[in-house]
Every structure is written in structure tokens, then in C-alpha cells.
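I am opening a notebook on this structure. The entries below record what I looked up, in order.

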Amino acid sequence: MAYAFSSYNAIIITQGHETKMMTLGYLPAAFAGMLLIYRQKWWSGAAILALSMALIFTNSHFQVIYYTFIMFACLGVCMLYVAFKEGKIKEFLISSLIAIGAIGLGIGPSLPIILTTNEYSKETMRGGASELSGHDVKTNGGLDKEYAFRWSNGIGETFCLMIPYLYGGSGNESADKAPKTLEAIGGNAEELPLYWGPQPWVNGPVYFGAVICFLFILGMIVIRSPQKWWILAACLIGIVLSWGKNFEAVNFFLFDHVPMLNKFRTVSMALIIPELLFPVLGVWAIQEAIDQKNDSAKIWKDIKIAAGITAGLCVLLGVGGSMFFNFTGGSDAQMQPDMVKLLKEDRASLAMSSGLKSAVYILLAAGLLWAFIKDKIKAGVLIAGIGVLVAIDLIPVSHDYLSEKNYLEASEYDAAFLPRDVDKQILRDPDPYYRVLDISKNTYNDASQAYFHKCIGGYHPAKMEMYQDLIDRQMSKGFNGQVLNMLNTKYVIVGGQKSAPGVIPNRTACGNAWFVDEVKWANTADEEMNGLNAPNIGDTIPVPNAFEPRKTAVIRATFKNDMGSYTFGKDSSAYVKLDKYGLDEISFKSNNNKPGLAVFSDIYYAKGWKAYVDNNETPIMKADYVLRAIKVPAGSHNIVFKFKPASFYNSQKIALASSLLLILLCVGALYPLFKKGSLPGGTKA
């Protein structure tokens, strides 16, 4: 229950992070399987671990998976220490091999997706490295540090794990939590920006629960097993990683040197590690308190220490918060000084009430443990009482961020996907394949536009690096008109702020494909990008040697071998026309009296796309920084592009075999439960 109702889970549900939530839901099962394996319950442990890992990898949330393997590594190191100390290295090696095999078996069914994702990631802003000057030098690819560490948890913000509103909650917190500010504005607000931490924006605090934090500290005191140390180590790793740029001496080094870490952003997500492990150690602490009841003096002393540390911190940070914090947020500079003063007072008041409430919950939990030690209540009542306290502690906070207000009537939800008049106007175009630039919305951070149109913008957290380069250099500080033309931007949606959006047809769009007259060779990425320079829409100042996509293809010198001594041209009636459009197959018809070089308004991606002219494969060259170009012989031809990534098709047999083995493993693990006499009472299932 404590893991389920951690506020982070409620927050990610409201933000649409379904795959992350599903992955988090399977993590406890994965750890149960791992622990069973190391307890030498190999058959059942392997089945549970393999099945849970298969479900985890099905969701393909690789950042959560990465953090999961950090936890596995900490557990493995601890088990190696225990095995060495107890002289059970053989059993450790067998268990480790079984665990690795089970994980591998769980990965198998998703192998085609994993391999193709791995290939794609190397071409993206997460795994690739821009060749343009002015970017971070990333020898191993990965994200730019500024982007990766934008959401870094503040060091002091860590105490929100125990005091939910210490940093104000969210950037759109209920106005009822800021009574002074609300009164000053006449009650005319439902939400106010109470969050004041270092992150640009948060939708709520990551709160594990004051009771759980108290029990975690108690567990560190009373648990004698060395396994508590791997849990502590993993939790500390997660917390330090979540600090990101606020602890750059460590995190920047790790980002540059630890494999794959530079592929991930929103580093505050690393708090999922302690989110799972805090409750584990906390529940273990309760069991230890029950088991050590006979030594009541010692266990009560340990409880007092744990309660004193946690409740004391809650009171100190809550009541004395102004000694440590200034309660000033990054967005405060945009508000009137009087408003900021009131907000700071409300933030301080909210932190104090939150800290005191957390202290009360901790003292109540300690009181229940005292009552059990003194034989006032039974163990069952203790466990139930702690459970009720955890629920009272966590559920209201989670409810603040996931409640009935986050749900819509079906009709209201469907209305969000109704086309605007401008969308209807564009959709009347029978052409199946063109693009739309929508500047009536947040062009590069609003994915809703893609519901109706193939877009120049939209949102994707792992855009191809070359396309991000094109956005940064040609379509961010204005829109290069010729670049829009080469991207087959047939319509531009404008307005939408104070008036209804309207559409402007772009009659100079190049279409899906065309023959060019010449090639402009570029030796570097900067030369290639600069070769696209042309006036922005609305500019009246001419650009020297401006790019003309219908005339010139800008190609890197690395493709000169593919071009060879090929000479090309085009006649006055030459054309390349779209014939059929599909997701993994696009066909064209062409006609040209001369050998031609055709440019296609589709992004260049070498890991799977193949080009065929009359069923004969021909090499694809990268043109105009992001597009494709091929050589087309003179005459009339059928041109087909097919997406056939070898990594996907070659791994399908492995995926099928893994799925069958996984089923057999699970059936084999269940079989003993159904044998005669294996169930209670000797009955047969």
C-alpha cells in the first residue's frame, strides 16, 4: 500500500506516463523472484523473475529498467558478500547464473523492439551526437547536459520525501493552501504557484510518507542482516542521482562516464529506487520489532531514536524553515513584490503545517509500537494500525494530485479530439501525404496537432538528432521558407491566441519528391547546414546564394563513393510522383528523359530503409541534411522504399523461442502446486 500510494505514482498517472506506471507496478514481482532465487528456490524464483521482466520490457521504459538494474546490482554485491562470509560461493554462482538466465529469458520476447530501439537511439538526441559546432562534445552520444539535468531534484527538496509540502507542493497547487494570497486577489483563483524549488515546474512532491520514513530509519537501526546495507546503498544512489545538476561534481562525472546514463533526462525520476525500497525496509522494521519484543528496553530505545530523528527533523524544518529556506521560487520575478511577499508567507505556513503533521504521524506510529511492546495491543492490531496510519498519511497527499478533478466525462474527453474548422479545411485535401506547420500551438511541445496532420512540429522526447539540429538552426528563430518547402509543408496554421486559427496554403512546397539539377557538396555538418540557408518567412532581406531545394541538393562528401562518376539532369517534364503511401512501404512513379538524382521529402534513416528502382536495390544518400536522395536511370520507373530492419526480423525467432520457454518455465513452476497432496489438506486441485 505504501508503494502504491506514493504521491509520485499518482502524479505520473495524471501526466499520462502509463508505461512508466506499468513498469513500476511489476518491479516488486521482479525483486520477489530475485530474492527467491538467492534463497535457492530456483524454480519458482526463476519463473517469477522471468515473467515479471518480460512484462517490464514489454513496456519499454528503459530509464526505469536502468534504475532497476542498479538495484539488482546492489543486491548482487550484497549477496556476494554474504556468500563469501558464509562460504557459499558455489550457491551464489548458481543463483546468479539462474538470475541472469531468467532476466535474459524475460528480455527475449521483447528483443525485436529492444534491438530496433537501440539502433534508433543512436540517431536521436538521447543517443546520438550532433556534428554541428556549438553543441556539447559527446564522444559516446547522449543528451546535452542542460536538457538532461533540467529536472534535477533540489538537495533540500529531498526532505519532501517526509514532509510533502516543504517546497510548496506543485506549480499549480490548490489556492486553498495559500489563504493570504487568495484573500489578497479576492478569491479569484483556483490554483497558485506554490512550488518554489529549483526545478522549472513540478506537478507535485515525491512523498513516501512520514511513517514510512520513520520505519526506514528504524529498520536501519534494528535490522541486523547485512542486506539492509544494499537497500541503503541503492536508496542513496537514487537520491544522489536525483539531485542532478545540484550535485554536479558527482552527477556530471557519472553522466560522462557511466554507460547509458547520458541517454536519460528528468533525473529526479531516480527517486523510484527509494520509492520501492523505503517501504521494504520499513515493513521489515515492523517484523523486527515484533521478533525483538522480548528485549523491550532495547527495541523501545531504538524506536525513540528513530522517532526523535525523523519527528525532530519534521519539526525543525517545518517550524524553523525560515532559517534554512527563503521560499522564493524561480517564477516569482514575474509577479508583483507584494504578491511574492504573500506567497512566501503562505509557503512558509504550508511547510510548517506539513512538517508538524508529519511529526504527529511519526509519533502516532511510535506510540503503536510502544503499545505493542508494553502488551497493550497484539501484533495484528499493530500491523493494522500502522497500515491505517500509512493510508491516512499517504492517500490524502496522492488525492491532491489524482482525484475526480483529473477525470473527464467521455463527451468532454472526446471533444478534445474534435477537429477545428481549420483542421477540417486542411483535411479536405485528398493528397495522402503532406505536412502542416501549426504555429497556433506550441509548435515543438504540443503533440495534439499530430492527431489530424503529419506535422513539422509536435512532440517527441527522443527526436532524431539531425531533425533537432534542423529545428535549432533553421526553424526556431523564424522559419526558413525553403526548408519548409523541402519538407513538403503544404499548409501553415496561424493565429489561435486572440482569434480563431486560420490556414495559409504554401503553394511553393516541393511535394513528396523531385529531380534536382545539381549537387552542392559539403565537407562538414556545418557546411551542410549552412547550405540550407535562405530567407525566413516574412523576411525581405535577401540571403546570398540562398538554398533552392528544387534546383540543388546539399550532400555530404561522405556519399561521393555512392554517387561515383554519375552525371544527371532533368527534362522540362520530368517528375517523381507518389503512388502509394504506407508506414513501412512508400512507392513512387518517375519519368525523366535523362538519368536523374531524385530527392524525397522523407527523413534519412539508414537502419532499415531500402530503396528499389524497378525491384533493383539502389543506395540511399542523405541530402539536404535530413532527406533522402537516390539515382534514377533515364526513362519511366517504379521506385519503392521499404522499411525492413534486419535487427527486427532476425530476432523474431529468438523472441518466439523465448516466449515458448517462458510459458514452459511458468507451467513447470506451477506444476508442483497442483500435484496430489501439495495443497493444504492433501487435496488435489
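How do the axes of helix α2 and helix α5 cross, and within what distance do they come? I note before answering that the model is predicted. I find that the axes of α2 (residues 18-38) and α5 (residues 89-107) come within 9 Å and cross at roughly 150°. Angles over 145 degrees count as roughly antiparallel, so α2 is roughly antiparallel to α5. I logged the crossing of α2 past α5 as right-handed.

Next I looked up the residues at this contact. From α2, Met-34, Ile-37 and Tyr-38 meet Phe-92, Ser-95, Ser-96, Ile-98, Ala-99 and Ile-103 of α5. Sorted by class, the contact has 7 nonpolar residues, 2 polar ones and no charged ones.

Then I turned to the nonpolar cores. The largest has 125 residues. Leu-24, Leu-49, Tyr-67, Phe-214, Leu-218, Trp-230 and Leu-277 touch the most other members. Helix α4 (residues 62-86) gives this core its largest share, 13 residues.

Leaving out residues up to four places away in sequence, Leu-49 touches Ala-30, Gly-33, Met-34, Ile-37, Phe-72, Ala-99, Ala-102 and Ile-103. I also found a second, separate core of 57 residues, with Ile-456, Val-492, Phe-547 and Ala-553 among them.

My last entry is on Lys-477. Is Lys-477 buried or exposed? Its relative accessible area is 80%, and exposed means over 50%, so I list Lys-477 as exposed. Lys-477 sits in the loop between α18 (465-474) and α19 (481-486). Its C-alpha atom is 8.8 Å from that of Asn-536, 59 residues apart along the chain.

Methods:
Residues are numbered from 1 along each chain as its sequence is written. This is a predicted model: local features need pLDDT of at least 70, side-chain atom pairs count only at pLDDT 80 or more; totals for chains, interfaces and linings use all residues. Side-chain values use heavy atoms; hydrogens and water are left out. Axes are lines fitted to C-alpha atoms, for helices over the stretch in contact, and angles run from 0 to 180 degrees between N-to-C directions. Helices (H or I, at least four residues) and strands (E, at least two) are DSSP runs, numbered from the N terminus. Angles under 35 degrees count as roughly parallel, over 145 as roughly antiparallel, 65 to 115 as roughly perpendicular and the rest as oblique. A crossing is left-handed if the near helix is turned anticlockwise from the far one by less than a right angle, and right-handed if clockwise. Contact means heavy atoms within 4.5 Å. Ala, Val, Leu, Ile, Met, Phe, Trp, Tyr, Cys and Pro count as nonpolar, Asp, Glu, Lys and Arg as charged, and the others, Gly among them, as polar. A nonpolar core is a set of buried Ala, Val, Leu, Ile, Met, Phe, Trp, Tyr and Cys residues joined through side-chain atoms within 4.5 Å. Buried means under 20% relative accessible area, exposed over 50%, partly exposed in between (1.4 Å probe, protein chains only).
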